[in-house]
Amino acid sequence: MFSRIKEDVQCVFARDPAAQSVFEVVTTYPGFHAVLIHRMSKWLWVRGLHWPARYVSFLGRWLTGIEIHPGAQIGRRFFIDHGMGVVIGETAVIGDDCTLYHGVTLGGTSWNKGKRHPTLKNGVVIGAGAKVLGPIEIGEGARVGSNSVVVKPVPDGVTVVGIPAHIIDGKAKQEKARRDAMAQKIGFDAYGATDMPDPIANAINLMLDHIHQMDKQIEIMCQKLNDAGIQCGEKNMPQLDDCQIKDKT
């Protein structure tokens, strides 16, 4: 029990830079309190003491502003930041290392018995005000943008936003990985500028794309020449180490 509490405190420090001390977390973080109260209500629930479990859950909502049904399954190192208005339904399943912000709802779309709430795999982050509805699965490491409404399953490792939520960075991640690989190949250090929506970053991205296409074309040309019996590409390209602009002021 104490090791789990220690994990809960440590995960607060890992995900909230505002946390100053263990005493502050234990005494003032409603998300931490809500998780502890849920464990008490869950203990009662699985033993068939449904009314006491619901009453403990009710007291937890009154104290923290966070409503977690005693039947919900919650993994390790679960963190609710701020927490006011969070609602987690009876059949919700939450994996390890998940994070929810205030106003999040893990709700249902049916009055029928059975599984009717979402399943969150490990490492999911759900932004403030988002609504995840129905017996859908949110993939491992996925992120849900603030105020989004998710009604369909979300694949692993992507970010969804909007109403209804849609994937925004499936292709963007591939583009970023390719550009980072090209920047590393030519020894260029963009100092994180490739993620910045400004004209300089756009120009850098276009140059990296142009170099990538040139490399592909040269590789194809060399392959064709070699197939024709003409030796090409015997010498390695020189490494452009430390090829970045530095401010000497």
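**Entry 1: a bridge between two strands**

I started with isoleucine 68 and looked up its bridge partner in E4, which is isoleucine 88. This is a predicted model, so I am reading positions as computed ones. The bridge belongs to the pairing of E1 with strand E4, residues 87–88, which runs in the parallel sense over two bridges.

A reminder to myself: strands of a sheet pair through backbone hydrogen bonds, either parallel or antiparallel.

**Entry 2: around isoleucine 88**

What does isoleucine 88 contact, leaving aside its neighbours within four places in sequence? I noted Glu67, Ile68, His69, Ala72, Phe78, Ile94, Leu100 and Leu106. Isoleucine 88 also turns up in the largest nonpolar core, a set of 28 residues. It is listed there among those with the most contacts inside the core, together with Leu100, Leu106, Leu120, Ile126 and Ile138. Another core lies apart from that one; it has eight residues, including Cys11, Val12, Ala19 and Tyr29. In soluble globular proteins, nonpolar side chains tend to be buried together.

**Entry 3: isoleucine 94**

I moved on to isoleucine 94, one of the contacts of isoleucine 88. Its place is in strand E5, residues 93–94. Is isoleucine 94 buried or exposed? It counts as buried because its relative accessible area is 4%, under the 20% cut-off. Not counting residues up to four places away in sequence, isoleucine 94 touches Gln73, Ile74, Gly75, Phe78, Ile88, Leu106 and Leu120. I also checked proline 118, which is 24 residues from isoleucine 94 along the chain; their C-alpha atoms are separated by 8.3 Å.

**Entry 4: helix H4 and its two sides**

Helix H4 covers residues 50–64, 15 residues in total. From its first C-alpha to its last it reaches 21 Å, close to the 21 Å expected at 1.5 Å a residue. Which residues of H4 are buried? I wrote down Ala53, Val56, Ser57, Gly60 and Thr64. They sit on the same side of H4 because they cover an arc of only 100 degrees around the axis.

Serine 57 is buried, with a relative accessible area of 8%. Beyond neighbours within four places in sequence, serine 57 is in contact with Ser41, Ile68, His69 and Pro70. Just after H4, glycine 65 takes a positive phi of about 80 degrees.

**Entry 5: helix H1**

I listed Glu7, Asp8, Val9, Cys11 and Val12 as the buried residues of H1. They pack against helix H2 (22–28), H3 and strand E3 (79–80). Cys11 and Val12 are also among the residues of the eight-residue core.

**Entry 6: lysine 152**

Where is lysine 152? I found it in the loop between E13 and strand E14 (159–161). Lysine 152 counts as exposed because its relative accessible area is 60%, over the 50% cut-off. Glutamate 137 is 15 residues from lysine 152 in sequence, and the two are 7.9 Å apart, C-alpha to C-alpha.

I counted six helices and 15 strands in the protein chain. Of its 249 residues, 38% count as buried. Among contacts with a separation of 6 or more, 35% come from residues 24 or more positions apart.

The mean pLDDT of the chain is 82, and 79% of its residues reach 70 or more. Over residues 189–196 the pLDDT is below 50, and this stretch has 13 contacts in the model beyond near neighbours in sequence. For residues 241–249, pLDDT stays under 50 as well, with 10 contacts beyond four places in sequence. Where pLDDT is low, the predicted coordinates should not be read in detail.

Terms used
Residues are numbered from 1 along each chain as its sequence is written. Side-chain values use heavy atoms; hydrogens and water are left out. Two strands pair if DSSP finds at least two bridges between them. Helices (H or I, at least four residues) and strands (E, at least two) are DSSP runs, numbered from the N terminus. A nonpolar core is a set of buried Ala, Val, Leu, Ile, Met, Phe, Trp, Tyr and Cys residues joined through side-chain atoms within 4.5 Å. Buried means under 20% relative accessible area, exposed over 50%, partly exposed in between (1.4 Å probe, protein chains only). Contact means heavy atoms within 4.5 Å. pLDDT is the predictor's confidence in each residue, from 0 to 100. The expected span of a helix is 1.5 Å times one less than its number of residues. The arc is that of the directions from the helix axis to the C-beta atoms.
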